[in-house]
Amino acid sequence: MMAVSLAQRVASLAPSATVQNSDQIRSLRETGRRILSLSSGDPNLVTDERIVAAGCRALQDGDTHYTASAGLPRLRERLAARECVRSGRQINADSILITPGGKFALYAALQSMVDPGDEVLLPDPGWVSYAACVRLCGGRPVAVSSLGGFDLDELRARTTDRTRAIIVNSPLNPTGRVIPKEELSALADFARERGLWIVFDQVYCDLAYDEFPFLQAEPGLEDRLIVVDSFSKTFGMTGWRLGAFIGPEPVRKAVAKIIQHSIYCVPGFVQQAGLRALELEAELLPRYREHFHKRLVPTQAALARLAGWECPLPSAGFYLFPRITGDDKAFARDLLDTKAVAVMPGSAFGAAGAGHVRIALTCPEEEIAEAVAAIADFERSGNRRNV
Ligand SMILES: Cc1ncc(COP(=O)(O)O)c(C=O)c1O
């Protein structure tokens, strides 16, 4: 009998560290263990009941068929209008494709621009799926330090004639850093100078606590800028799988074909729920922003007091990314073993994340307080074996 084999691009693919972590917590909980999870990127927000009702109503009204592959025209128009207001850039509904989450928008964009052996610059530390999506396209991820800001000399040094694109994420996961305007301008100049696509992942932009500069506002990017957006973090809609791709015609046509031949479309009732979410935006967003900020401030203050920890207050989102002492992987493992508290080791987000942990404030407030007290106790009581 002839043996079967896997394609090279998946054989070397590591599982998602964050999804694996969530699966591990789920299994531990199934054995009856109580785990306090500060590791999930899925906030404990229940989708607003009016959004849920809109989805249910659409289903009951018979919205059970394929929809336009690019997405409902009304949703694309609403997103285009919103994008103009937010970024100051003029865009029309044709530039937008509705996708199942931001992740698929990113993946399809990379599929459209990366040939086997091509290189893509991406932030380190950065979201765990960037490198994997590049690898799935047969490309080579090239990490560039993003901790204190992108360094143009490093970017230039890491660019070769195979470099096709740079992924920019603001606010950044895992650090919560908002990229300032001057840095965005420098990145835009760099992309133009080197003839690169620039993929801007703005899925946390609605959770910025101060002014948020949009890369779209930079001039002269019309032919190369792709924006990845999502309803997940903005509206507490992670499980609905609703996001958007925004980009210029050639790449948009390519992504449209990928959508047609892979998923066909995002379910109509999910898009109807998204339309309702946009109607409620002015009411919901300030509330959600305040909800997360109220968690961030005291937690950051408590963690910053721990001996040897450096814990800056991020300008957006619900992640803290403190520098700790010792090995981050051993810290996360021992904390889970001894205190039943889950955090993500910083090195899961790239080599530059080593020595940090990502603390996600996505569980109920009482659990956050309990978990922070357990971390303080862990640090004091010599439970750590790794320093
Ligand atoms: C930086 C970043 N981009 C994109 C995504 C994708 O989100 P979704 O596919 O739920 O829209 C995530 C999810 O955690 C993320 O952290």
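How many salt bridges does the rule find across the interface of domain 1 and domain 2? The rule finds zero. A salt bridge here is a side-chain nitrogen of Lys or Arg within 4 Å of a carboxyl oxygen of Asp or Glu.

## The model

This is a predicted model, in which local features need pLDDT of at least 70 and side-chain atom pairs count only at pLDDT 80 or more, while totals for chains, interfaces and linings use all residues. Residues are numbered from 1 along each chain as its sequence is written, and side-chain values use heavy atoms, with hydrogens and water left out.

## Two domains

The chain is assigned two domains. Domain 1 covers 8-46 + 284-381. Domain 2 covers 49-281. These bounds come from an automatic or database domain assignment. The C-alpha centres of the two domains lie 25 Å apart.

## Where the domains meet

In domain 1, 35 residues are in contact with 30 residues of domain 2. Contact means heavy atoms within 4.5 Å. The area buried between the domains is about 2,800 Å². Carbon and sulfur atoms give 63% of that area. Buried area is the accessible area (1.4 Å probe) that two parts lose on being put together, summed over both. In domain 1, Leu284, Leu285 and Phe349 lose the most area to domain 2. Together they account for 21% of what that side buries.

Polar contacts are present too: 16 residue pairs, both at pLDDT 80 or more, link domain 1 and domain 2 in this way. A polar contact is a pair of N or O atoms within 3.5 Å; within protein, one must be able to donate a hydrogen and the other to accept it, and residues adjacent in sequence count only if both atoms are side-chain atoms. On the domain 1 side, the elements that give two or more residues are α1 (8-11), α2 (17-30), α12 (281-304) and β9 (319-320). Helices (H or I, at least four residues) and strands (E, at least two) are DSSP runs, numbered from the N terminus. The largest share, nine residues, comes from α12. By class, this side has 21 nonpolar, nine polar and five charged residues.

## A three-stranded sheet

Three strands form an open sheet in the order β9-β12-β11, with antiparallel pairing. β9 and β11 (344-345) are the edge strands with a single partner each, so one side of each has no neighbour in the sheet. Strands pair if DSSP finds at least two bridges between them. Two bridges join β11 to β12 (residues 357-360). Met344 has Arg358 in β12 as its bridge partner.

## Backbone details in loops

The loop between β5 (163-169) and α8 (181-194) holds Pro171. The peptide bond from Ser170 to Pro171 is cis, with omega near -10°. Pro174 is also found in the loop between β5 and α8. The bond from Asn173 to Pro174 is cis, with omega near 20°.

Arg241 sits in the loop between α9 (232-235) and β8 (243-246). Its phi is near 60°, a positive value in a residue other than glycine.

How values were computed: Nonpolar A, V, L, I, M, F, W, Y, C, P; charged D, E, K, R; others polar.
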